[in-house]
Amino acid sequence: MVLQRLNGSFDCWDALLDLILASFAYMNGRIDPPSSALALTPQSLREKARNEIGYVALDDDKIAGCVFCRAEPESLYIGKLAVLPTAQGKGIGRRLLTYAEAEARKRGLAILRLETRIELIENHATFAALGFAKTAENRHPGFDRTTSIEMQKFLP
């Protein structure tokens with residue numbers, strides 16, 4: 001398994017989109033509103049990689065996982081952490097988060113922050129096992145109920 005920073009030499013945007021959509025497919029019909037992943041395109045991913053910090057996990061030159069991070073004033077926001085369903089349980093997500101932690105430290109940030117949908121309790125448990133704790137409940141615009149929770153991990 002090789003982790004690679006998304007940069008100008010990366011040219012597999014269609015495959016990256018396929019990975020994200022496959023990884024997030026289990027959410028379809030479970031979360032409301034639908035995942036923002038459904039609105040991604042190869043071009044929007046290319047733009048996201050220009051504006052954020054992205055990594056892909058490659059297994060024999062096949063994309064097996066990815067993460068996008070965005071520096072905020074006090075934290076590094078983790079978004080679009082995705083692992084191919086057939087590759088889950090092999091530590092790929094954990095390795096991608098390790099890279100995110102290193103990026104946060106390099107920037108002098110002591111907190112990783114993410115959001116996960118309220119319905120996805122298995123995600124809450126997974127992130128809690130990785131050291132994240134619930135810090136807030138949020139609502140998407142137009143909703144009168146909690147639609148996501150925020151979780152943070154404080155880095156030593």
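In the predicted model, the exposed residues Asp 14 and Asp 18 sit on the face of helix 1 that is turned away from its buried side. The buried residues of this helix are Trp 13, Leu 16, Leu 17, Leu 19, Ile 20, Ser 23 and Phe 24. Viewed down the helix axis, these buried residues fall within an arc of 155°, so they line one face of helix 1. The cover over them includes helix 2 (42–51) and strand 2 (53–59), together with strand 3 and strand 4. Helix 1 consists of 12 residues, and the distance from its first C-alpha to its last is 16 Å, close to the 16 Å expected at 1.5 Å a residue.

The largest pocket has a volume of about 1,000 Å³. Its lining comprises 40 residues, of which Phe 24, Met 27, Leu 81, Asn 123 and Phe 127 are the closest to the pocket centre. Two or more lining residues come from each of helix 1 (13–24), strand 3 (62–71), strand 4 (76–83), helix 3 (92–106), strand 5 (111–117) and helix 4 (121–129). Strand 4 gives the most to this lining, with 7 residues. When the lining of the largest pocket is divided by class, 15 residues are nonpolar, 15 are polar and 10 are charged.

Terms used:
Residues numbered from 1 in each chain as written. Predicted model: local features only at pLDDT ≥ 70, side-chain atom pairs only at ≥ 80, totals over all residues. Heavy atoms only, no water. 1 Å grid on protein atoms, 1.4 Å probe; cavity = no way out; pocket = protein on both sides within 12 Å on 5 of 7 lines; lining within 4 Å. Points joined across faces, edges and corners; volume = space filled by probe spheres on them. Helix = DSSP H or I, 4+ residues; strand = E, 2+ residues; numbered from the N terminus. Nonpolar A, V, L, I, M, F, W, Y, C, P; charged D, E, K, R; others polar. Expected span 1.5 Å × (residues − 1). Buried < 20%, exposed > 50% of the residue type's maximum accessible area, 1.4 Å probe, protein only. Arc of directions from axis to C-beta. Contact = heavy atoms within 4.5 Å.
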